[in-house]
Amino acid sequence: MSPFTGSAPRTEAASWRHLRLAVDDGVATVTLARPAKLNALTFGAYADLRDLLAQLSRERAVRALVLAGEGRGFCSGGDVDDIIGATLAMDTAQLLDFNRMTGQVVRALREAPFPVVAALHGVAAGAGAVLALAADFRIADPSARFAFLFTKVGLSGGDMGAAYLLPRVVGLGHATRLLMLGEPVHAAEAERIGLVSELTGEGGADARAAALARHLADGPALAYAQTKALLTAELDMPLAAAVELDAATQALLMNGRDYAEFHAAFTAKRPPEWQGR
């Protein structure tokens, strides 16, 4: 994402209507804040997530992001009335615009130049499960459960990039089962098949996600950003192209301040002071 902006003003933290944003010394916490509806997503929520992620990516002030849900669960997916009911009245062009927008949110999560940590408790269903899937880390407590519900409403399980991302996280066999049947996957099984990065104690996901985000934000941010970019870019590359991209990336980073800072810190027997440059 280019850091250059046009004439449109930035959106201040308090002005986001469909989510809550807090930024503390390089760590952004984005909270889905519709607890009475289990944080069900609306058209506005999708658009806010898309636009917020783009703004944070341009500004380069955030070095890690926590995505969380307020109340009893992370996110129950698209709102049945506000999304499904409304889409029944749309024509094909409008439906394509909507589905492209939801996919843009997933792309924004994957292409953001900072790691994204999903803090999961309760339900992560439908689009909520895909938002969690698109994060770099998924920290869950024992109450967390995933359900990719798209076939349950008569749609393809491959929604919002799920058929691309899920096999790469849990393997084709598990992905086929989860996307076709739409059955719930509870926290213990999710950890077993690799869908959960870390399982915490009861009620511990938010605190652990915040601690991980702080650790990432205090580390070599540019190295993390490039690692994330390579993980995404190389999913579809042959080995020769991937190795060449790795070589070019390392050559660039070896000219950076953080690489020199590591050597200076090692020589002086002190912790590195990472600058993300």
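Reader: At what angle do helix H9 and helix H10 pack, and how far apart are their axes?
Author: In this predicted model, H9 (residues 221–233) and H10 (residues 239–254) pack at about 170 degrees. Their axes lie 11 Å apart.

Reader: Why is H9 called roughly antiparallel to H10?
Author: Angles over 145 degrees count as roughly antiparallel. The angle here is about 170 degrees. Therefore H9 is roughly antiparallel to H10.

Reader: Which residues of H9 and H10 meet?
Author: From H9 come Leu-222, Gln-226, Leu-230 and Ala-233. From H10 come Leu-245, Asp-246, Thr-249 and Leu-253. Contact means heavy atoms within 4.5 Å.

Reader: How do the residues of that contact divide into nonpolar, polar and charged?
Author: Five are nonpolar, two polar and one charged. Asp counts as charged, so Asp-246 is the charged one. Leu and Ala count as nonpolar.

Reader: How many cavities of 30 Å³ or more are there?
Author: The count comes to one. The volume of the largest cavity is about 30 Å³.

Reader: What lines the largest cavity?
Author: Val-30, Leu-49, Leu-52, Leu-53, Leu-65, Leu-67 and Leu-109 do. Helix H1 (43–59) and strand S3 (64–69) each supply at least two residues of this lining. H1 gives the most, with three.

Reader: What makes the residues of that lining nonpolar?
Author: Val and Leu both count as nonpolar. The lining residues are Val-30 and a set of leucines, including Leu-49 and Leu-109. So the lining has seven nonpolar residues, no polar and no charged ones.

Notes: Residues are numbered from 1 along each chain as its sequence is written. This is a predicted model: local features need pLDDT of at least 70, side-chain atom pairs count only at pLDDT 80 or more; totals for chains, interfaces and linings use all residues. Side-chain values use heavy atoms; hydrogens and water are left out. Axes are lines fitted to C-alpha atoms, for helices over the stretch in contact, and angles run from 0 to 180 degrees between N-to-C directions. Helices (H or I, at least four residues) and strands (E, at least two) are DSSP runs, numbered from the N terminus. Angles under 35 degrees count as roughly parallel, over 145 as roughly antiparallel, 65 to 115 as roughly perpendicular and the rest as oblique. On a 1 Å grid over the protein atoms alone, a cavity is a set of points where a 1.4 Å probe fits but cannot get out, and a pocket is an open set with protein on both sides within 12 Å along at least five of seven lines; lining residues have an atom within 4 Å of a point. Grid points are joined across faces, edges and corners, and a volume is the space filled by probe spheres set on the points.
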